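Thanks for coming. I have one structure to go through today, and I will keep it short.

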Amino acid sequence: MENLFVTFLNILFVGTTLITGGDDGYLYLWEGERIVRRIFAHEGAIFALHGKAKLGLVVSGGMEGIVTLWRLLIE
């Protein structure tokens, strides 16, 4: 992802997967030092992230007041 201008407000490890939540409303999945996936999650900043590695679940909370449950599928 070139020319990415985002402030990461939170960070989460689910197993070996690094996930960050941005002020742009996207979740970012990382592989090493590289972003491998960008997922639109909220209308506005992501203020909360929590995960359960054994279940492969992630919960995100956005500025708009919505909480979303995600199933983490790692290929």
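I will start with one histidine, then go to the sheet and the cores. Please keep in mind that this is a predicted model.

The histidine is His42, in the loop that runs between strand 4, residues 34-40, and strand 5, residues 46-52. Is His42 buried or exposed? Its relative accessible area is 1%, which is under the 20% cut-off, so His42 counts as buried.

Which side chains does the side chain of His42 reach with polar contacts? One is that of Ser60, at 2.8 Å. Another is that of Glu64, at 3.0 Å. Leaving aside residues up to four places away in sequence, His42 also touches Asp24, Gly25, Gly61, Gly62, Ile66 and Thr68.

Two of those names come back in the sheet. Ser60 stands opposite Thr68, which is in strand 7. Strand 6, residues 57-62, and strand 7 run antiparallel and are joined by five bridges. The open sheet here has three strands, in the order 5-6-7, with antiparallel pairing. Strand 5 and strand 7, the latter being residues 67-71, are the edges, each pairing on one side only. From one strand to the next, the twist averages 20°.

Now the cores. The largest nonpolar core has 11 residues, including Leu12, Val14, Ile39, Ala41, Ile46 and Leu72. Strand 1, strand 3 and strand 5 each give two or more residues to this core. Apart from it there is another core, of five residues, with Leu18, Tyr28, Trp30 and Ile35 among them.

Last, Ile46: beyond four places in sequence, its contacts include Gly25, Ser60, Gly61 and Gly62.

Notes:
Residues numbered from 1 in each chain as written. Predicted model: local features only at pLDDT ≥ 70, side-chain atom pairs only at ≥ 80, totals over all residues. Heavy atoms only, no water. Helix = DSSP H or I, 4+ residues; strand = E, 2+ residues; numbered from the N terminus. Buried < 20%, exposed > 50% of the residue type's maximum accessible area, 1.4 Å probe, protein only. Polar contact = N/O pair within 3.5 Å; in protein donor to acceptor, adjacent residues only side chain to side chain. Contact = heavy atoms within 4.5 Å. Core = buried A, V, L, I, M, F, W, Y, C linked by side-chain atoms within 4.5 Å. Pairing = 2+ DSSP bridges. Axes fitted to C-alpha atoms, helices over the stretch in contact; angles between N-to-C directions.
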